[in-house]
Amino acid sequence: MILSDMLVKIRQARHIDFGDLFGRAIDLFQKVWLQGLLMQVLTIAVSWGVSMAVMLPMSLGGAFIEYGDVSYNDDEVGVIALIFMMVMYLVILMVMSVVNFALQAAFYRIIRMKDRNRSGDRGVGFGMFIKKKYLKKVLVLSMMQVGIAVLAALFFIIPLFYVLVPLQFAIVIFAFNPDWSVNDIYKAAFALGNKKWGITFGTCLVIGFLAIVVGVMACFIGVYATVSVVYLPAYLIYKDVVGFTEDEDMIAQIGV
């Protein structure tokens, strides 16, 4: 599919019923909750690993300054520590943004596989977008996600709630159109986000609140198993508005 075709489908999109969307999200969650839990575990594991990788050299550097032969005054130590911490914070932010974006995009591909009742499509897994082929684009997209969110937050928070929906659709669109340019992905994401903002935000808000309540009732740790349900409305709306053509594309390839 090309951008112009998707934009036409978005403009012509029909009304989506809240109750129907909510029910389908719950039904789909029963198929993918385990993969959603795995995504959360992977995110936490990577976050912990990156933090440890950053904290270790910081600790060694502090020990070297304190006990080494090189002497610095307090002001110099403070400036060096501040600069180093800022650089390390940016590194952590960049790595985690890339990992989160790649894992969520892969999760959407896994959702599609489960939605089609397929046991395991070749090449579909959480590491599918952390490859040389996609890594540069994932880096750019994830940095844009952070940049847009920060810029929106600077305008009294309210615009942040607006951009959250298109930013989520950007991940969905990339997941199923990874060869598109960054510009095309965000054009389609904001077009779909504008068209279906209310139903997307409202469904995610309600279903997310219920997921937190159920997770807290399961001794808090259950939140990790239930929180992934908030990703499902965006997938289902994309499915209803844009649709998928895997079978048609496969038949076309056989013909070629």
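**Ground rules.** I number residues from 1 along each chain as its sequence is written, and I use heavy atoms for side-chain values, leaving out hydrogens and water. In this predicted model, local features need pLDDT of at least 70 and side-chain atom pairs count only at pLDDT 80 or more, while totals for chains, interfaces and linings use all residues.

**Salt bridges.** I searched the whole structure and found four salt bridges (a side-chain nitrogen of Lys or Arg within 4 Å of a carboxyl oxygen of Asp or Glu). Asp240 pairs with Arg24 at 2.4 Å between the closest N and O atoms; this links helix α9 to helix α2 across 216 residues (helices are DSSP runs of H or I, at least four residues, numbered from the N terminus). Arg24 also bridges to Asp20 at 3.1 Å. I then looked at Asp115 and Arg112, whose side chains meet at 3.6 Å, N to O. Both lie in helix α3, three residues apart. Asp115 is buried at 17% relative accessible area, and Arg112 is buried at 13% (buried means under 20%, exposed over 50%, partly exposed in between, with a 1.4 Å probe and protein chains only). Asp20, Arg24 and Asp240 join into one network through shared partners.

**Core.** I checked the largest nonpolar core next, and it has 62 residues (buried Ala, Val, Leu, Ile, Met, Phe, Trp, Tyr and Cys joined through side-chain atoms within 4.5 Å). Its largest share, 12 residues, comes from α3.

Methods. Helices (H or I, at least four residues) and strands (E, at least two) are DSSP runs, numbered from the N terminus.
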